[in-house]
Amino acid sequence: MAGFAPDEEIELYEEIKFEPCVMCEHLDNRASFRISQIEDGDIICFQKSPPLEKEEDCRYPDVPSYLEYVHNRQIVHFRSLEKPKEDDFCLELSKIHTYDDVVERVARQIGLDDPSKIRLTSHNCYSQQPKPQPIKYRGVEHLSDMLVHYNQTSDILYYEVLDIPLPELQGLKNLKVAFHHATKDEVVIHNIRLPKQSTVGDVINELKTKVELSHPNAELRLLEVFYHKIYKIFPPNEKIENINDQYWTLRAEEASPFSPFLSFFLGNILNMSASLVSIIYLQ
């Protein structure tokens, strides 16, 4: 039936189950079906007996290892995060591949020497978009964890190539700051990358090296803006780790000589507005 030579030595295995996990046991060729507990409908797999010296060279030397491969095989469609609607390439991977296995395969595919510069983002099955937050460095154990979104499984992953290794980047805070020039009608977006323990003062000092000021001694201030309304003026000693620039706009501008008074006045106005809302609600 198999087309093997009559004297070919074969190995027999019983495939007990394939889902949810593979269970496959070796059968003794000399034992009867009764002793091996083989019944109608049972599945018997066979293969040539691999030479001992070549067994290590085989990717899947026996039936159980091949069934594990088939069971965990996963075709993943990789898309550049910059072009989330277009497949860039596909890779045949295993659901039990580790985080390191996956980024190494991606790096090899795109010709990148350092896999730690690869950052992956999972797919949102409901919005059909990348998830807002990327996968942290070794933040998941296996490929299967990257592909699960609630109770659904995707076959899409997004990737991006960073300018520094991801473990180093995760120790930094990246803020997108809109700088409004004092005398020019222009807004320039700057990406400020600093250690997470840095302060707003550090952000301002870094920003001064990137922007054109109206005069050398000009001071800057950082504001939190939402729908063109100022909600907060950051003090220079505030830590940047908890500043959120995803929902709020960070605005930097030159501070006028009256800024301390304006900050105090603005703070009082905001507090009064909140009090008025409370009073109206109570009435």
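Predicted model: local features only at pLDDT ≥ 70, side-chain atom pairs only at ≥ 80, totals over all residues.
**Overall build**

The protein has 283 residues, of which 31% count as buried. Its secondary structure consists of seven helices and 15 strands. Where contacts join residues at least 6 apart in sequence, 57% of them link residues at least 24 apart. The accessible surface amounts to about 19000 Å², and carbon and sulfur atoms account for 52% of that area.

In soluble globular proteins, nonpolar side chains tend to be buried together. The largest nonpolar core of this model has 22 residues, and the members that touch the most others are Phe78, Val102, Val106, Leu120, Leu143 and Met146. At least two residues of this core come from each of strand 4 (73-80), strand 5 (89-94), helix 3 (99-110), strand 6 (118-124), helix 4 (143-147), strand 10 (156-161) and helix 5 (166-170). Helix 3 provides the largest share, with five residues. Once residues up to four places away in sequence are set aside, valine 106 touches Phe78, Phe89, Leu91, Ile118 and Tyr159. Apart from this core lies another, of 17 residues, including Val177, Phe179, Leu222 and Ala252.

**Helix 6**

Helix 6 spans residues 200-208, and its buried residues are Val200, Gly201, Val203, Ile204 and Leu207. These residues lie on the same side of helix 6, because they cover an arc of only 155 degrees around the axis. An α-helix has 3.6 residues a turn, so residues three or four places apart point the same way.

**Salt bridges**

Side chains of opposite charge can pair when their charged atoms come close. The structure contains eleven salt bridges, and the table lists some of them.

| Salt bridge | N to O distance |
|---|---|
| Aspartate 87 and arginine 79 | 2.7 Å |
| Arginine 221 and glutamate 253 | 2.6 Å |
| Glutamate 238 and lysine 232 | 3.0 Å |

In the salt bridge between arginine 221 and glutamate 253, arginine 221 belongs to strand 13 and glutamate 253 to strand 15, so the pair ties together parts that are 32 residues apart in sequence. Both arginine 221 and glutamate 253 are buried. A network of salt bridges links Arg221, Arg251 and Glu253.

Lysine 232 is located in strand 14 and counts as partly exposed because its relative accessibility is 30%. Its salt-bridge partner, glutamate 238, is also partly exposed, with a relative accessible area of 22%. Beyond its neighbours within four places in sequence, lysine 232 is in contact with Leu222, Leu223, Glu224 and Glu238. The C-alpha atoms of lysine 232 and leucine 222 are 8.6 Å apart, and the two residues are ten apart in sequence.

**A nonpolar surface patch**

Phe226, Tyr227 and Tyr231 form a nonpolar patch on the surface, and together they have about 360 Å² of accessible area. Tyrosine 227 lies in the loop between strand 13 and strand 14 (229-233). Tyrosine 227 counts as exposed because its relative accessibility is 67%.

Note on methods. Residues numbered from 1 in each chain as written. Heavy atoms only, no water. Helix = DSSP H or I, 4+ residues; strand = E, 2+ residues; numbered from the N terminus. Buried < 20%, exposed > 50% of the residue type's maximum accessible area, 1.4 Å probe, protein only. Contact = heavy atoms within 4.5 Å. Areas by Shrake-Rupley, 256 points an atom, 1.4 Å probe, with all protein chains shown as cover. Arc of directions from axis to C-beta. Patch = residues over 30% accessible without salt bridge, like charges linked within 9 Å, V, L, I, M, F, W, Y side chains within 5 Å. Salt bridge = Lys/Arg side-chain N within 4 Å of Asp/Glu carboxyl O. Core = buried A, V, L, I, M, F, W, Y, C linked by side-chain atoms within 4.5 Å.
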